[in-house]
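Hi everyone, thanks for having me. Today I'd like to walk you through one structure, piece by piece.

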2 protein chains.
Amino acid sequence: MSEADLIARIRALFPRTGDDAAIVGDQAITNDMLVEDVDFTRDVSLQLIARKSLAVNLSDLAAMGAKPQYALVAIGAPEWVDTAALLEEFANAARAHRIEIIGGDLSRAEKLVISITAIGEAKQPLMRSGARAGDRLYVSRPLGGSAAGLELLKRGDENVSYIQREFIDAAIRRHLDPEPEVELGMKLVGIATSCIDVSDGLSTDVHHLCDASGVGAAIDRERIPIFPGLLESGLNVRELVLNGGEEFALLFTSALRESELSAKVGRPVYAIGRITKESGVLLDGQPLEPRGFDHFAVR
Amino acid sequence: MSEADLIARIRALFPRTGDDAAIVGDQAITNDMLVEDVDFTRDVSLQLIARKSLAVNLSDLAAMGAKPQYALVAIGAPEWVDTAALLEEFANAARAHRIEIIGGDLSRAEKLVISITAIGEAKQPLMRSGARAGDRLYVSRPLGGSAAGLELLKRGDENVSYIQREFIDAAIRRHLDPEPEVELGMKLVGIATSCIDVSDGLSTDVHHLCDASGVGAAIDRERIPIFPGLLESGLNVRELVLNGGEEFALLFTSALRESELSAKVGRPVYAIGRITKESGVLLDGQPLEPRGFDHFAVR
């Protein structure tokens with residue numbers, strides 16, 4: 001079964017799974033699993049593992065314009081994990097995001113597995129499906145940093161000494177300790193017509209948004225904001241910015257122009273293109289294929 | 001850190017995690033993780049793995065008197081798992097329980113990991129904490145079958161040929177394909193003063209219930225209903241009935257007597273003892289120590 005077939009099958013079996021979170025009454029509920037050696041490695045601190053596990057889920061709530069309230073934390077822990085210490089880190093991370101951990105489960109496992117369910121209030125949820133032809137397409141912050149951080153981590157220190165230390169640290173931090181756009185998501189309620197978080201990469205997530213809305217998009221490459229220092233880094237800027245995952249920026253649409261929208265939310269946001277009636281995504285007039293990470297990738 | 005210390009730490013860090021499910025507004029939300037080679041082995045069919053994963057969570061909702069409505073399913077799948085087939089089995093299992101799968105996550109993993117979040121309506125949730133001195137202590141169905149089934153599975157066929165085939169099949173089925181007491185849980189709202197599901201074993205779960213209620217219990221051993229055929233099986237009946245986990249029977253308290261209560265819920269339930277003002281659990285006058293499975297066991 002191809003990847004596209006599997007996604008189609010999932011949508012057919014579970015019709016309500018198409019957004020970043022499910023809506024039940026006034027609540028948005030989302031669920032993400034992180035696995036050792038897939039989503040993180042053992043040499044990352046338990047503090048950062050806990051923070052990122054929570055952040056990934058809060059980013060899904062942010063994409064729905066929800067106010068995070070609660071989380072449930074299920075942990076499958078191998079021998080090397082100090083379970084009590086990991087739980088303390090989850091308590092700290094929850095406190096930092098002003099949410100409460102109300103349940104969970106502990107189990108044994110050979111590799112560390114963390115599954116978080118996050119719940120937030122969403123009286124007027126932002127959906128992927130509301131984009132209209134003519135809307136501007138926005139991204140909430142510069143892209144490419146997280147994927148650059150991952151690449152720099154993989155290369156190891158000696159091979160990157162020619163790149164500025166400040167950029168390296170910032171990119172690695174963006175990858176290991178991402179900040180979900182929770183405040184912005186809540187402010188976009190009533191302003192944005194649709195929203196998604198950039199978790200799989202811009203090229204893939206813009207397709208998710210357009211497919212859900214039954215529209216297309218035309219993006220101006222030069223308007224895409226780039227993570228500071230990336231242009232001078234010698235890394236593959238186009239690849240990292242277009243296809244780099246785990247950015248946790250918001251990608252959204254609105255009829256408002258950039259200056260109006262930035263003023264309304266009290267911070268810069270970046271108009272990178274327009275929503276089109278014709279389906280398909282264009283980058284400077286050329287088709288932009290989805291080349292980011294896909295959660296549903298079939299092995 | 002000892003097991004007791006870890007549990008105390010969890011209660012201090014996350015004060016709302018003490019029941020079978022967390023209550024948010026009118027909803028009960030619970031979360032359980034099942035891990036290959038801990039909770040099931042690879043030779044169990046994907047159908048039974050999906051059914052049991054859902055059943056374990058629905059039993060938590062049953063213990064709250066909740067009406068199951070939704071689930072989120074996160075799967076970490078290794079190579080040997082046909083992901084599409086597993087998702088079909090989850091769709092079938094959800095249909096059988098009349099709930100909707102509204103979200104989830106797919107990831108790679110070296111061992112199959114399944115984390116389910118189940119959500120149900122619970123306008124008047126049953127809690128562990130409502131038992132009062134003088135209440136009768138009830139169990140919803142005969143015990144020992146699930147643990148017997150696990151033991152029979154481990155022994156393999158040749159060593160159990162002296163036990164009746166019908167009993168073997170029923171015990172293995174009870175272990176691999178448990179039926180959560182969802183209907184009964186809903187009927188117990190307004191009747192039971194407290195409730196928990198027997199997931200860790202009677203001896204442990206009665207302590208959980210008594211500790212949460214600030215009471216004790218006195219159990220008559222001869223009143224505990226025993227899984228049909230177990231007495232004649234040659235297996236260790238006392239151990240399996242008192243300490244066997246994954247029964248998913250309900251353990252609850254009520255002022256009503258057995259005949260009244262059975263009539264009200266339209267099926268037999270079993271009064272096995274009384275709630276006492278004095279803390280501690282007695283079995284035929286002797287202290288009953290918690291010797292069941294503990295999820296929070298520290299390795």
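Let's begin at Gly266(A): this glycine comes just after helix H9 of chain A and takes a positive phi of about 75°.

What you see is a predicted model. For chain A the average pLDDT is 93, and 95% of the residues score at least 70. The model as a whole has an ipTM of 0.91 and a pTM of 0.92. Keep one rule in mind: where pLDDT is low, the predicted coordinates should not be read in detail.

Now back to the helix. Which residues of H9(A) are buried? In this helix, residues 258–265 of chain A, they are Leu261(A), Ser262(A) and Val265(A). They share one side of H9(A), because the arc they cover around the axis is only 100°. Here is the general idea behind that: an α-helix has 3.6 residues a turn, so residues three or four places apart point the same way. And what sits on the face turned away from the buried side? There you find the exposed residues Ser259(A), Ala263(A) and Lys264(A). As for the cover over the buried residues of H9(A), it includes strand E6 (136–139), helix H6 (182–187) and strand E9 (250–254) of chain A.

That brings us to Tyr138(A), which lies in strand E6 of chain A. Is this tyrosine buried or exposed? Its relative accessibility is 0%, so Tyr138(A) counts as buried. Leaving aside residues up to four places away in sequence, its contacts include Phe252(A), Leu261(A), Val269(A) and Tyr270(A). Leu261(A), remember, is one of the buried residues of H9(A). By contrast, take Ala85(A): 53 residues from Tyr138(A) along the chain, with 39 Å between the two C-alpha atoms.

Next, let's look at the loop between helix H8 (237–243) and E9 of chain A, where Glu246(A) lies. Glu246(A) has a positive phi of about 55° although it is not a glycine. Phe248(A) is in the loop between H8 and E9 too, and its phi is also positive, near 60°, again in a residue other than glycine. Phe248(A) counts as buried, because its relative accessibility is 3%.

Let's move over to chain B and its rings. How many aromatic pairs are there over all chains? The count comes to four. In one pair, Tyr138(B) and Phe252(B), the ring centres are 5.2 Å apart and the planes are at 10°, so the pair is stacked. This pair links distant parts of the chain: Tyr138(B) is in strand E6 and Phe252(B) in strand E9 of chain B, 114 residues apart. Tyr138(B) counts as buried, at 0% relative accessibility, and Phe252(B) is buried as well, with a relative accessible area of 0%.

How values were computed. Residues numbered from 1 in each chain as written. Chains lettered and ligands numbered in written order. Predicted model: local features only at pLDDT ≥ 70, side-chain atom pairs only at ≥ 80, totals over all residues. Heavy atoms only, no water. pLDDT = per-residue confidence, 0-100. Buried < 20%, exposed > 50% of the residue type's maximum accessible area, 1.4 Å probe, protein only. Helix = DSSP H or I, 4+ residues; strand = E, 2+ residues; numbered from the N terminus. Arc of directions from axis to C-beta. Contact = heavy atoms within 4.5 Å. Phe/Tyr/Trp six-rings, centres within 6.5 Å; stacked < 30°, edge-to-face > 60°.
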